[in-house]
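Here is a short report for a reader meeting this structure for the first time. Look at the sequence and the model, then read on.

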Amino acid sequence: MKKTGWAVGCALALSVLGSGYAQAQTTLRMMWYSDGNEGEVMADLLKRFEDKNKDIKVVLDQVPFKATNETLPVQLAAGQGPDMARTTDMGGIAPYMLDLRPYLKDAATFERNYAPFLEWMRVPGDAKSIPGYMTQLTVTGPFVNKTLFEQAGVPMPSPKATWEEWAKAVNTVADKVQAPFPLALDRSGHRFFGLAVSQGAKVMDAKGDPAVIDEGFKRAAQLVVDWHKSGVMSKELWGSVSGAAYRGANEEFKNAQVVMYLSGSWQIAQFDKTVGDAFDWVAVPTPCGPANCSGMPGGAALVGIKATKHPAEVARVLEYLASDDVVSEFYSRTLFVPGNLAVAKKGVQYPSASPQAAAALKVFGDAVASIDPVAYKIQGWTNSRIVFNAVISRLGQAVAGETTLDEAYKRIETDVAQQIAERNKKQ
Amino acid sequence: MTGILRLLTARRGAGRLHWTDWATYAYLGLAVLLMFGPVLWLVLSSFKTPAALLEFPPSFLPMTQKEVRVEGYPQPLPLFSVTMEDGSTRELAQVRRVGLIAQMVDPKAPGTTVRVAADKRQPVREMAFAVSNYTEPLAKYDFLRFLENSLFVTLIATAITLVINSMAAYALSIYEFKGKTLAMLAVIGTLMIPITIVLVPVYLVVTEMGLVNSLWAVILPGAATPTGVFLLRQYMLTIPRDLIEAARMDKASEWRIYARIVMPLSAPALAVLTIFSIMWRWNDFLWPLAVLTKSEVQTLQIGLNAFQGELQTQWHYLLAMTVVTLTPVAIVFAFLQRFIATGIANTGMK
Amino acid sequence: MTLIAPPRARPRGPSASLLDRFGHAVVRVFEPPFRALQRILGVRRMPYVFLLPNAVFFGLFVFLPIGINLVYSVTGGTALFPSQRPYVGPEQYAYLLDCGSYLDPSTCREDHFWRGVANTLKFTVFQMVAMVLFSLLAALALNRPIRGRGFFRAVFFFPVLLSPVVVALIWKWILQRDGLLNAAVTSLGGQKILFFVDPSWAMFWSVFVSVWAHMGFYTLILLAGLQAIPRDIYEAAEMDGTRPWRVLTRITLPLLWPNLLVVLVLVLIRSVQVFDEVFVLTGGGPGTATQMIVQYIYTTAFANQVQNFGLAAAASVLLGAVLFVLTLLQLFLTRRRAA
């Protein structure tokens, strides 16, 4: 027992020590989190890249999302971290991102294909750098349980219907079929702005300073609070967890308890797998408000990290992965909405998706065109996540009945101001 | 009320079973249900398909809908039990469903299709263990490597903890020396500080030592546990001094006294510390997450949590791999159960 | 704080023999250098030698970080390295302590911190009562001459081995809207209960799950105390015809008091530190009803987009001070008991 134990221990120690040496080729590390099967698809694509480029080896380090969101910034600040990383916090990581331009073969094409999203990856004042590409563009939007509408004998509102019309319709349906969630909205600041932008929220003033609480914002917040009071929304999402914690209703939607679920394109792959034949679900265009009918864009980018010792190799990997054919295959196999303009224009085929899922993907793909410039601007703002977190945390308290809405407005403003001030404290 | 009190205070001898004995067994039986039930639930759930996991009402055993191959249809079709208009029930396979109407076919007579209202059908289910929840992640991810890493961290860290903690405890219990009070105060003062609140500074220290992405970054910081020193010291205080004095008379070195007299006598306390150290190290998540990012050094708990994305959690994999990580702990526990009981009884520390 | 029992004959078994062998190996390797050190330094300086390895680890990974934390707490900004952070004096502390009334968290500038303090206090009180009550009941039941005592003891202890995250995940799975418990409730004709929407239920289950996970450990401490009570006391009481209530209050509880005190203090300190169990279970909600102080510190330092190490460090210094006082108090109480 003891001897084998020591043997195993020593072998392990050696293997750990030894793993640093050996290869003559360049080894790059890619930090990657997965919501679904995208890790497997990426591993496949990397293998193909390595076959063509024998001098580069890419190790895919699959980590919990928590690692990319919470510990990666600390690691980068300490000068540690991978050569490439998949992140959703583009504004936060931007100072540590590598500008690929000097190393790209065709920077112009890269720039053209990813133009609107590259802004999200740049620090304020920078209008040129190319740090990476979008592994996924997400668009917020609603899913509707069509079968429940049919059972209730209620017609579905038309594509240009307002939020209020939808709320009324889903409430009638829910009453008739006894569904506990007429309307469900992800508990997330980002999704809240999918509603707020259509109500006219702007988040910042003309100078780019924060001005979160405007008339549009108040209209949206009031809607949410009223919906909770009248039972259109259940407290279970917004009223259950605290702070900026995310809570979705995908499990409830799958169990046919939700009539309309405002979430986003990333749910499609999972619904396709779990809902199966239980009911018909469709994606519909985002309902309209007084300002527009826009959802929020979002997504995850794969970026190079400035501290890398092999910037040229990083650029080669990213240029390969971001090229039209490769990235198109990636979107296709992961059921993601394309975040590459050329690919989006050509259209992505989703052979692995059911007709239902393919139809939903088309609805979301088309929705990209109707995203309002304000929504892009909010998403790309360095301080957007501060705002999202403060908003969801405080509105959550208001929904739970801990504070009033007016109190929440005040707290949102002070939270945002305090965090921006802390960020600007420099030596 | 007095009944309960009698139940709880009386110490009845062996022999005929009094009703209080029955009540005790009932209480303990309830405990078995409450304590083991959830874990059993976890194990059974880990064999469910993603769709079955989200089902309500949840089934206790993993069930999936039965599928049949019907002549003339390339894909296997899902089987339903259908209540027909005349009230009879038939088992039919579904070809497709459009809205509220399902088009069904009798597997025995595949020629004709029947139209059925969707709410008149119930899926026919059978027990099926989704073993793929286990095999897929084990094949796709390097869980064996994670297991090796976790084992390495747990074993080496526990060994280091036992050695340095017992040496410190030995010094603090057997000798009188200048600065002893200060040392004790340092131990006691840090006894209750959770690592969560010093995570960033410890990360800085580890970075400066160049240990990031090495298993030693996980092993070393937690090795000198104040809890361990305290626990061992309290136990060593009870060792009779005569033994030590006698050994000194025999010209035994201080090291020999520590290693050959005090350590063996402290075995129960060491066993407790071993168990706790194994538990802490095996279950540690937040700290390894901060310092280990490369997949070849990741531990089981990190690998496990990689199934949690930003917006989705792959529950079926997460539960299955949770069961995998629980198994070694359960085995260790089964072996060392007796020692935990005697060890804790004698030290009263966690 | 120890339940001092004389060392008994060593238990035999796999762990003992493994430890023995491990011990022998170490003894052989280290004997010569230690002998040499003892020759040079003399017996009186040997305790420092024994303390040294532990002290080095302690210094590097406990005291140095606490020191860095102190520096963080008087500096601001988002830089990671203390040398790059601007000095702000007691600003972070002032920010945390700025309150209209300390009894009402919503009057504080940093209300989340004070809500965390209030919730942690509430959790601690409930947790102490429930933990002591249920582990006492379990210990009393296990102390009876029952069949399969070892098995039942194991039943209570088993959850202690599970990681907090696993414990919380299991129970979250059971308690959610479409979980096992609601399936039971509806099959009995009841309505589904939304446990995590009601602040009282959320707090109840946070305490329940903590008790579930840790009571086995405290049960063993109390059981040890019960078994140390001499049997003849009970026999004498029984001969006198003393009523069970009096036996419990006059004999069992007073003699068990030292162990109860240990349990109380340990539960107290663990409660103040509670984090991942409750966080995974309830997410700190509804609203902020189960958001604890350590969660606040973690969120401030990591989860917020602006990672505010300064504020988090200030909060942790305050928490550390409270914990230090609690620990000293515990020691004082147990010393007095021993005296």
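How far apart do the end C-alpha atoms of residues 147–336 of chain B lie, and what percentage of the span is helix and strand? The end atoms lie 21 Å apart, and the span is 72% helix and 0% strand. Helices (H or I, at least four residues) and strands (E, at least two) are DSSP runs, numbered from the N terminus.

## About the model

This is a predicted model: local features need pLDDT of at least 70, side-chain atom pairs count only at pLDDT 80 or more, and totals for chains, interfaces and linings use all residues. Residues are numbered from 1 along each chain as its sequence is written, while chains are lettered from A and ligands numbered from 1 in the order in which they are written.

## Chain B and the annotated spans

UniProt, in an unreviewed entry, places the feature "domain: ABC transmembrane type-1" at residues 147–336 of chain B. An unreviewed UniProt entry also puts the feature "domain: ABC transmembrane type-1" at residues 117–330 of chain C. UniProt positions follow the numbering used here, feature names are shortened, and annotations may be inferred rather than shown by experiment. Residues 117–330 of chain C are 77% helix and 0% strand, with end C-alpha atoms 20 Å apart.

Chain B has 15 helices and eight strands. Its C-alpha atoms fill a box of roughly 100 × 65 × 35 Å along the principal axes. The radius of gyration of chain B is 30 Å, whereas a compact globule of 350 residues would have one near 20 Å. That radius is taken over C-alpha atoms, and the globule rule is 2.2 Å times the number of residues to the power 0.38. Of the 350 residues of chain B, 48% count as buried. A residue is buried if 20 or more other C-beta atoms, placed from the backbone, lie within 10 Å of its own.

## Two domains in chain A

Chain A is divided into domain 1 (24–137 + 298–357) and domain 2 (139–297 + 366–424). These bounds come from an automatic or database domain assignment. The C-alpha centres of the two domains lie 28 Å apart. In all, 20 residues of domain 1 of chain A are in contact with 19 residues of domain 2 of chain A. Contact means C-beta atoms, placed from the backbone, within 7 Å. On the domain 1 side, α4 (90–93), β8 (297–304) and α16 (355–367) of chain A each give two or more residues.

## Strand β8 of chain A

Why is β8(A) described as largely enclosed by the rest of the structure? Eight of its eight residues are buried, so β8(A) is largely enclosed. Both faces are covered: Pro297(A), Gly299(A), Ala301(A) and Val303(A) are buried on one side, and Gly298(A), Ala300(A), Leu302(A) and Gly304(A) on the other.

Strand β3 (residues 84–87) of chain A runs antiparallel to β8(A), joined by four bridges. Met84(A) has Gly304(A) as its bridge partner. Strand β4 (residues 132–145) of chain A is also antiparallel to β8(A), with seven bridges. Here Gly132(A) stands opposite Val303(A). Strands pair if DSSP finds at least two bridges between them.

## Where chain A meets chain C

Here, 33 residues of chain A are in contact with 31 residues of chain C. On the chain A side, α3 (65–77), α10 (235–238), α18 (384–400) and α19 (405–424) each give two or more residues. The largest share, six residues, comes from α18(A).

Definitions and conventions
Two residues are in contact if their C-beta atoms, placed from the backbone, lie within 7 Å. A residue is buried if 20 or more other C-beta atoms lie within 10 Å of its own, exposed if 12 or fewer, and partly exposed in between; C-beta atoms are placed from the backbone.
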